[in-house]
Amino acid sequence: MSELLSAPPAIAAAGVEVFSAALRAQGADVTDVDWRPPAFGSPTDLAQLSLDPRRATANRTAVERVLAAGSVLVDVRPAREVLDVDERTLLHAGPPLSWEAASGPMRGALVGACLFEGWAATVEEAERVLAAGEIALDPCHHHRAVGPMAGVTSPSMWTWCLEDPVSGGRAYCNLNEGLGKVLRMGAFNEEVLTRLAWMRDVLGPLLSTAVRSRPEPMDVKAVLAQMLQMGDEGHNRNRAGSLMTLRDLAPAIVAVDAPSADVADALRFIGGNEHFYLNLGMPTAKLAMDAARDVPGSSMVTVMSRNGTEFGIRTAGTGDRWFTAPANTPVGLFLGGFGPEDANPDIGDSAIMETYGVGGFSMAAAPAIVRFVGGTVPDALATTERMYQLTLAENPAMQIPVLGFRGAPTGIDVLAVARTGWLPQINTGMAGRVAGTGQVGAGLVQPPQECFEQALAALAAESRATS
């Protein structure tokens, strides 16, 4: 060991060039090697999917639908009016889930929703009715909806109603509560319930009237595209998008015939909530990915989602079928005195943003995100460069300035993931693993490889059945 530093180091670099370039800038000699993680999956399945004569055309069709999809805000309505759910049903993030399998933050959000709806008077009573199956649980994705973190949506919550003017499809998402102790992070104390009641009684009706009174719908996709030009990546950084949303909605909100104090409170709440836009961006991505949800022969991923226990994906070629595996725990930066032992495994429908090519796939557009999720600016640039190797297209509407306005990497290809051994990168918040804790940090996470192994096998089986 004493001789290890007696001569200049011999450095071999594998992967994105930014790492070797940084070393050369410091005067080091670097040898670049062409190495990638080994592919995974059955060689027979890889060959079957690679040689499927439908794949190229099917993927082109899926990509065209995703890129063509638009998103405009047409209404704000209570969930019971638009999501086709029974009165005693709670929607949640991720693939299907039972109370018994629910993690701490998911249980906390479900309990809080029961208290909010008046289905239980105490935490203990809420836990009892949930454990007894008296409240039905169903994924948001089964109702053309998405929800961040726990994603719990109850009948009385107001939802954004977005429409794709190309296909006529609709997608929905509840309203964003802000940061800290919030229902979506598993908190359910009096502060949380009071805020939810205000959102139900004041904010929702105000937004509904304001949105309906606008002379033309708000173009939510255009806001997302502009965000990438202004330092947001659309998942964990939404500052510019939230301010643009406030700019677009404020005149209509001010014109609503409502008490001035309510209007002021609504504007103050929106202006102070950096993630207010996220709940508009998510259904925008959902609209685009739903446009490609049934394209036989396509290996494109249409859903990535987590319920705090399992991670699930869907593909265009296999429709509504879920491929699931235990969720990984994010790695990143923590708030206050929290640490890794406080973080729950990955949770939320918000990975629909990465499925669409923004969020973790567009970290190069938002170098400042590393101050929130960890890593360095070169890491952010390298991540986006790597995601181009996993995707089918570049989205010309979502341009990344620092990369010469190159379109964001869009349309994850199951086959490319399996061939390279690289997994998609997701930016995410971290909820406390104990119910009631709230947010403990933010970081980076990847899907479990098993999800893509299952999807590869299913796509290969479907290919054999049609050949």
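## Close-up views of a predicted model

**View 1. Glutamate 100, a residue in a loop of this predicted model.** The loop that holds glutamate 100 runs between strand S4 (89–92) and helix H5 (104–117). Is glutamate 100 buried or exposed? Its relative accessibility is 55%, and exposed means over 50%, so glutamate 100 counts as exposed. Setting aside residues up to four places away in sequence, glutamate 100 touches Arg107 and Ala131. Leucine 130 also belongs in this view: glutamate 100 and leucine 130 are 30 residues apart in sequence, with 9.3 Å between their C-alpha atoms.

**View 2. Asparagine 273, a buried loop residue.** Look for asparagine 273 in the loop between helix H10 (260–271) and helix H11 (278–290). Asparagine 273 has a relative accessibility of 4%, and buried means under 20%, which is why it counts as buried. Which residues does asparagine 273 touch, not counting those up to four places away in sequence? They are Asn176, Glu177, Gly178 and Ser242. With asparagine 176 there is a polar contact of 3.2 Å, and it joins the two side chains.

**View 3. Arginine 144 and methionine 149, each with a positive phi.** Arginine 144 is not a glycine, yet its phi is positive, at about 60 degrees. You will find arginine 144 in the loop between strand S5 (136–139) and strand S6 (145–146). With a relative accessible area of 38%, arginine 144 is partly exposed. Methionine 149 is not a glycine either, and its positive phi is about 50 degrees. The loop that holds methionine 149 lies between S6 and strand S7 (158–163). Methionine 149 is buried, its relative accessible area being 4%.

**View 4. The largest nonpolar core and leucine 207.** This core has 96 residues, and those touching the most other members are Leu73, Leu90, Trp160, Leu207 and Tyr356. Helix H7 (residues 190–213) gives the core its largest share, ten residues. What does leucine 207 contact, leaving aside its neighbours within four places in sequence? Its partners are Val76, Trp160, Leu175, Leu249, Ile253, Ile270 and Phe276.

**View 5. The largest pocket and its lining.** The space in the largest pocket comes to about 180 Å³. Around the pocket you will meet Leu179, Asn236, Arg237, Asn238, Arg239, Glu274, His275, Ala368, Ile369, Arg371 and Phe372. How does this lining divide into nonpolar, polar and charged residues? Four are nonpolar, three polar and four charged.

**View 6. The largest cavity, with part of its lining from H7.** The model has three cavities of 30 Å³ or more. The largest cavity holds about 160 Å³ of space. It is lined by 17 residues, and Met157, Asn174, Leu175, Leu196 and Met199 are the closest to its centre. H7 supplies the largest share of this lining, three residues. By type, the lining of the largest cavity has nine nonpolar, five polar and three charged residues.

**View 7. The second largest cavity, where methionine 149 returns.** The volume of the second largest cavity is about 120 Å³. Of its 13 lining residues, Met149, Met185, Asn236, Leu278 and Gly429 lie nearest the centre. Six of the lining residues are nonpolar, six are polar and one is charged. Met149 is the methionine with a positive phi of about 50 degrees, and Asn236 is among the residues that line the largest pocket.

Definitions and conventions
Residues are numbered from 1 along each chain as its sequence is written. This is a predicted model: local features need pLDDT of at least 70, side-chain atom pairs count only at pLDDT 80 or more; totals for chains, interfaces and linings use all residues. Side-chain values use heavy atoms; hydrogens and water are left out. Helices (H or I, at least four residues) and strands (E, at least two) are DSSP runs, numbered from the N terminus. Buried means under 20% relative accessible area, exposed over 50%, partly exposed in between (1.4 Å probe, protein chains only). Contact means heavy atoms within 4.5 Å. A polar contact is a pair of N or O atoms within 3.5 Å; within protein, one must be able to donate a hydrogen and the other to accept it, and residues adjacent in sequence count only if both atoms are side-chain atoms. A nonpolar core is a set of buried Ala, Val, Leu, Ile, Met, Phe, Trp, Tyr and Cys residues joined through side-chain atoms within 4.5 Å. On a 1 Å grid over the protein atoms alone, a cavity is a set of points where a 1.4 Å probe fits but cannot get out, and a pocket is an open set with protein on both sides within 12 Å along at least five of seven lines; lining residues have an atom within 4 Å of a point. Grid points are joined across faces, edges and corners, and a volume is the space filled by probe spheres set on the points. Ala, Val, Leu, Ile, Met, Phe, Trp, Tyr, Cys and Pro count as nonpolar, Asp, Glu, Lys and Arg as charged, and the others, Gly among them, as polar.
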